[in-house]
Amino acid sequence: MKALVTGITIALAASVTAWTMASDEIEAVLRNSFVAKNQATMDRLERDAVQSACSAPRGMPLDNDMLTTLRAERLNSVVLPPDGQYLGDWQRGAEVAGNGRGLQSSDDPTQPNGGNCYACHQLAPDEVAYGTLGPSLTGYGARGQSEAMLQYTWTKLWDTHAYNLCSHMPRFGAQGILTEQQLKDVMAYLLDPASPVNQAAE
Amino acid sequence: MKRHHFGFTLFAVWLCSVPLAADDGVFDQYRDLMGDDNPAVFVIDEGEELWFAPQGPESATLEACDLGLGPGVTAGAYVRFPRYFADADVVMDLESRLVYCMTTIQGRDLDVVNAKPYSLRGDFGTEMEALVTWLAAESEGATIAPEQTHAAERAMYTLGEEIFFYRAGPHDFSCATCHEQSDMRIRLQALPDLTSHSGAAEAWGSWPAYRISQGLVRTMGWRLRDCFRQQRWPELQMGSEVSIALQTYMAVNAAGGTMTAPGLKR
């Protein structure tokens, strides 16, 4: 086991994690098993440092120092809105939250991507078709709009790994899934007191 | 035959009138009401006919095809997949084994056989879908018991586990993103925990399945391909190593469960 742990540590340091199989072996298998389709190109099969670190089968020993370093790197890379304005239009944010399209091979790349928040989170209490993979965000606006709260929420949307490395949530800002304006609109959907997220169910 | 059609139409109408429930219960009710009246029965019949139909330059049927229990033995064969075949010297899932038999026994062209394994919406269903549906039905009620005796079969499980947790693409999704926790759902769709025996048995044991929303029987190979589409990955190829590895991971986790396919799904 000691040798295995050491091996994993070295592999992580090089950002080419292999848990029980050699990384290049797995990548070769992937290249032979998939074909590019429309916007879903083959380079999407290559992992960055976060993806590699977060691909451990359950029960595999993790290098906590490496994870702490990686999380700090993510936090330092977060780009806050340059104009200091965090809140957009909650009505446009509602559209982003409900839209599950974007970046699939079957999606029209000229259309805006969705955030698909409802796939995993409960938001407006009147929407019953919500997923449960993430926590309920109903009434999120009760947390207020302090600078700290705005920065925290923005960071969570921009790159969830800055707080919780290996969270299941996509990095909506850091990966370019949503635009800066879309992120502001989702911020408003979460935090605006007038947003349905912060209204009692009818 | 007519009775099935009429019953299905009635239930489809009934389904549309049911208010949206915040769980998967409506589909469970639908399944209960359908009883044995799964529209997949037509596809099962078609698959059986195709097995016994002479095809290809050799004008041969698939009766000489060895699914692991001897040439032509179909009963109970599916629950032993994926498995190693000495003649091909690789681990195969049912779909890739059928392709092997079509090319070696019937003499058909590999590229033609591989061209369109899964139907598109609005199609009538492919030969592959029909054959897999019939062969799964030939194992209905049998215990899921994939072979894990050959080193290649065990290596395939290890590969499947690695791929299951492999995060990639713009959304950082892996199979595990949706399928490593119990009692979760995406929107209203319940998600099986494929790392657990019960979740894997429920999932592996119920595919291929008739998809009500698509009016087609879908195979596990198609299910995996569509998962990867939603993961924002490139397109998974039928019979590829990743497809076979993930099926091995699920089948082995499901071992001891019961094959109930063809299932009935949203």
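Student: Which cysteine sulfur is closest to the sulfur of Cys175(B)?
Tutor: First, the ground rules. This is a predicted model, where local features need pLDDT of at least 70, side-chain atom pairs count only at pLDDT 80 or more, and totals for chains, interfaces and linings use all residues. Residues are numbered from 1 along each chain as its sequence is written, chains are lettered from A and ligands numbered from 1 in the order written, and side-chain values use heavy atoms, without hydrogens and water. The closest sulfur lies 7.0 Å away, too far for a bond, and belongs to Cys227(B).

Student: How many disulfides are there over all chains?
Tutor: A disulfide is a pair of cysteine sulfur atoms within 2.5 Å. By this rule, the count over all chains is 2.

Student: Is the link of Cys54(A) and Cys166(A) left-handed or right-handed?
Tutor: The two sulfur atoms are 2.0 Å apart. The angle about the S-S bond is -85 degrees, and the link of Cys54(A) and Cys166(A) is left-handed.

Student: How many residues apart in sequence are the parts that Cys65(B) and Cys101(B) tie together?
Tutor: Cys65(B) and Cys101(B) form a disulfide. Cys65(B) sits in the loop between helix H3 (40-51) and strand E1 (83-85) of chain B, and Cys101(B) in helix H4 (residues 94-104). Helices (H or I, at least four residues) and strands (E, at least two) are DSSP runs, numbered from the N terminus. The separation is therefore 36 residues.

Student: Is Cys120(A) buried, partly exposed or exposed?
Tutor: Buried means under 20% relative accessible area, exposed over 50%, and partly exposed in between (1.4 Å probe, protein chains only). At 24%, Cys120(A) is partly exposed.
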